[in-house]
Amino acid sequence: MRRKGIVVAGMLAAAAAILPFSAPLAKEIRVAAEAPLKLLDPVGTTAYITRNHGYMVYDTLFALDEHMKPQPQMVQDWSVSEDKLNYTFTLREGLKFHDGSPVTSADCIASIKRWAQRDLTGLRMMGAVKEMVAKDDRTFSIVLQKPFGSVIEGLSKASSLPAFIMPRRLADTPASQPIAEVVGSGPFRFVADEFRPGLQVVYERNKDYVPRSEPPSGLAGGKVVGVDRVVWVSLPDIQTEANALAKGEVDYVQTVYPDVVETLKGSGDVVIQKLASTTTPTLRLNWLQPPFNDRKVRQALLHAVSQRDYMDAQVGDPSAYRVCWALFGCDGPLASDAGVVSKGDEADIEGAKKLLKESGYSGQKAVVLHATDYPPTSAIAPLTAQVLRSIGMNVEIQSMDWATFLTRRGKQDPVEQGGWSVAYGSWNTLDLSSPLANLNLDGRGKAGYAGWTESAEMDALRDQFAETTDPVAQKELAAKIQQLAYEEVFYIPLGTYSNYSAHRKNVSPLLPAPVTVFWGVSKQ
Amino acid sequence: MHILRLLLARLAGALPVALVVVTVVFLIVRVTGDPATILAGDMASPEVVASLRAQLGLDQPLAVQYLKWLGDVAQGDLGRSIVSGQPVAALIGERIESTLLLSLSALVFTVLLAVPMGVMAAWRHNTLVDRAVMVFSVIGFSLPSFVVGYLLILGFAMWLGWLPVQGYVSIHDDAWRSIRHLVLPTLTLAIFYMSLIARVTRASVLEVLNEDFVRTARAKGVPPMRILSHHVLRNAAVPIVTVIGIGLAFLISGVVITESVFNLPGVGRLTIDAVLSRDYPVVQGVILFFAFVYIMVNLLIDLLYVLIDPRIRY
C-alpha cells in the first residue's frame, strides 16, 4: 500500500512537472538578442549589440530620421554662424539622467570629447575644433578653427559609434578605460542587478523620460515606451530562437538571417518583419603581401566578382537583396557610379584573366580566411575561393572560428607565416555611407585598418571632404574618392541585403529604424 | 588516519596534473585568438585594439603573464573576466547552480534506471529484455547529445507542448518551473550515460552470475532476489562504480553541449562563451575548476572502493 502511494506521488510530481508553465510578467517583452551583450561601454567597442544597448539607455543630441536626415533629439534649437565656424546648441527642458541629475551642457561636452577619442568622424571633427564652451546649463557651443562639414552628421551618427550623452562624471573616464556605471538619459534604464554578461540584459522604462512631441521617424522623433520591461536573452542558435518564438518563450527574435526567413514563415503566431536596416558584406584584400600587393591582381578580382552570385549564395531570396556598387549607398546623397567596372550583374571573367596575365602573376598562393561560426558571412569565403580559381589563381581556404579570424586578419605577415590574402567584413550599410566613417577607405597603410591600404591621395581627398560644407562639392569629392577606391581596389562591396526580424502576433512590429530599437513597441 | 593520508597523497598527486592542464590551456587559448580584437569589435582601428591590449596587460611577455596568473591562483585568486570585469570565481559561483542541478539530476536518474536495466538484462540474459536493453544502449551510446537534445525538443516541446524549449528558472524562485526546465536537459544528458552504465552493469553482473558461489547459493535454495542483492550486486559493484566515475568526465563534456542546446546559464555555457571570446582568465579558471571536480570525483570513487570491497587496501 505504502509502495503504491509512493508510485502515485511520483506520477503526480511528473505530471505537475509537465503542466504548462506560467507566462512571463505582463508588459514585459522578451527578445532573443542578435548577439550576447558583454561590453556595456558604447565608446569601448564597435560591436553592434553594444550600440543597440546604447540606444536603450542613452540619448543623442541629434538622430537620423527615416530619410536619413539629422533631426534634433536632445537638442531643442541649434544654429550655425555664417562662416560655419560656430555651432550653438540649446538642450530641451527637463532632460534627466537615470540617477536623477539634470542633463547639462557640461555633460554633453564631456560626452562628445570621449566619443571623439574613438570615432573616426569624431576624431576628424576634433581636429577642426578650437573649443567647446558651456554658455549655461542648457546651452553650449562648438567653435571650429577651420571648416568641418560634418558636425551635425557626426553628432547624429546612427551606427558605430553614435555620440551618446552620459553624465560628465562618467564621460570624463578616458576612452581607453571602461565606464564604471551605466547611466544615461534615454528611454530605458539599465537594471544592473539583473545583468548577466552574455546571457541576459534587463531594461526598465525610464519613467522620467520626456519624449519629443513629433511622431517617431527612424531614430528621431518621440521615443514613447509602451512596455515596462525589456529583457534581452542570448540564445545559442537560430533554431532555438525560432522554437522559443513559436512557443511564446520570447516575443521577438531581433535578427533573422534572410536564408532562414522561409523556415519561420510556417509558424502560425509568428510575423516576419523586413527591417529598415541593411547589411553590406565586403571583401578586403591584403595590400602588404603578394599576390594582392599588386594593383592589377586586385583589379582582376574586382572584375571577377558578381554581386548577384554572392547575394544568391549568402541571401538567396532576390527580393531581399540588391546589387549596389555605389560605395556610399545607392539611395543616399553621395550615390555615384564613378569608377564602377561592373557592367550589369555578370562577372567579367575574361577581363579578369587578362588583368591577371598583365600583372605577371606567377602562381603565388592566395589564402582566403573563412570564419565558419559566423552565419552572415558563411558563403563568402568558399565563393571567393571559387572565383579566384576560375581566373587561374592558386587558392587555399583556411577555416576557423570568428575569434581566430579576427586575430588572423590583424596579422601583417606573409601567408607562409600565418598571414592572409583575402578576408571579409559584414557592415551595417550606414557604417559605409560616409567617406569619413567608412573604415575601408583608410589610407594609412600599416598603421591603418586590416588590409593596410595605403594612399596619401585618398587621405587628402577625405581631408578635403571633411572641410567641405557645400553638399554639391561634397558629392563631387565623394565621387572622386569612389573613383580612386575602385582604381586601387580598396575593398569590394558584395551587394546589400535587408535585415529581418520576427515577432509574435501579440506584440507590435519594430519601428522602421536603421538600428533595432524597442521604444514604440507594445504588447497585448 | 589512513583515509587522511590517502586524501593528502591524492591531492598532492593531482597538483602537477592540474598544473599541466592549465599550462596547456593557457598556451592554446593565446595561440588561437586575441581578446582585444574581439572586444574592440570588427570595425575597430589598430590604435584602439593596441590600446585595449595594453589596458588588459596582453602586451606583456607570455612568461610574465603566466607567472602573474600562477601567483594569483596560488593565492586563491582566479582573476577577473577580460570581457565583463567580474571575478572568475564569482562567475563560476553564479553559474554553478544550474550545472550542479543538471549533473546531479542526470546522475541520479541514470543510476536509478541504468543499474536496474543492466541487472535485468544480465539476469534475463539472451531474452527479449536483454536485447531491448542492448538496443537502447547502442542507440543511446551512438547518438550525439545535441541530436538527442534537439529530438527531445521537437517531440516534447514543439509537438506535444508539454515542456519549455529552453531556459532556466532557479529552484529558489519557482521549484516547479525549475523542474520543468530541467526535464529535457536531464534526459539528454542521461541517455548517453545510461547506455554506458547499463552495458557495464550487464557485463559485470553476467560475469558474477557465472561464479561458483552464485551457483552454490542457487543450489542451497536462496531466493533469486536475495542472490542478486546480497551476492551478485555487491561483487559486481566495483566496475560499476568505476564506470560511474569515469562517466562523470563524459558528463562534464556533455554538460557543455547540453547547456548550450537548452540555453542553461551554467558553467558549461560559460566555458563555450569564454572560449569563443578568448576570455583567458575565465577559460583557465573554468578548466581548473573542472580538473578539480574530476580529481575529487576520482578520489571519492577510490574511497568508495574501500567501503564496497573490504579486500581493497591502499
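Q: Among contacts in chain A between residues at least 6 apart in sequence, what share joins residues at least 24 apart?
A: It is 71%. A contact means C-beta atoms, placed from the backbone, within 7 Å.

Q: What kind of model is this?
A: This is a predicted model: local features need pLDDT of at least 70, side-chain atom pairs count only at pLDDT 80 or more, and totals for chains, interfaces and linings use all residues. Residues are numbered from 1 along each chain as its sequence is written, while chains are lettered from A and ligands numbered from 1 in the order in which they are written.

Q: How many helices and strands in chain A?
A: Chain A has 15 helices and 20 strands. These are DSSP runs, numbered from the N terminus: helices are H or I, at least four residues, and strands are E, at least two.

Q: And what does its C-alpha trace span along the principal axes?
A: The trace of chain A spans about 90 × 70 × 40 Å.

Q: New topic. How many residues does the contact take from chain B and from chain A?
A: Chain B gives 43 residues and chain A gives 38.

Q: Which elements of chain B give two or more residues to that side?
A: Helix 2 (35-40), helix 3 (46-55), helix 7 (145-159), helix 8 (175-209), helix 10 and helix 11 (267-276) of chain B.

Q: How do the residues on that side of chain B divide?
A: There are 22 nonpolar, 15 polar and six charged. Ala, Val, Leu, Ile, Met, Phe, Trp, Tyr, Cys and Pro count as nonpolar, Asp, Glu, Lys and Arg as charged, and the others, Gly among them, as polar.

Q: Which domains does the assignment give chain B?
A: Domain 1 covers 2-74 and domain 2 covers 89-308. Their C-alpha centres lie 31 Å apart.

Q: How many residues does each domain of chain B put into their contact?
A: Domain 1 of chain B supplies 16 and domain 2 of chain B supplies 13.

Q: Which helix has the largest share of the domain 1 side in chain B?
A: Helix 1 of chain B, with eleven residues. That side of domain 1 has twelve nonpolar residues, one polar and three charged.

Q: Back to helix 10 of chain B. At what angle does its axis cross that of helix 12 of chain B?
A: Helix 10 (224-261) and helix 12 (280-308) of chain B have axes that come within 10 Å and cross at roughly 170°. So the two helices of chain B are roughly antiparallel (angles over 145 degrees). Axes are lines fitted to C-alpha atoms over the stretch in contact, and angles run from 0 to 180 degrees between N-to-C directions.

Q: Which residues make that contact?
A: Helix 10 of chain B uses residues including Ala237(B), Gly245(B) and Ile252(B). Helix 12 of chain B uses residues including Phe290(B), Asn298(B) and Ile308(B). By class, the contact of these two helices of chain B has 13 nonpolar, three polar and no charged residues.

Technical notes
Parallel < 35°, antiparallel > 145°, perpendicular 65-115°, else oblique. Contact = placed C-beta atoms within 7 Å. Domains from an automatic or database assignment.
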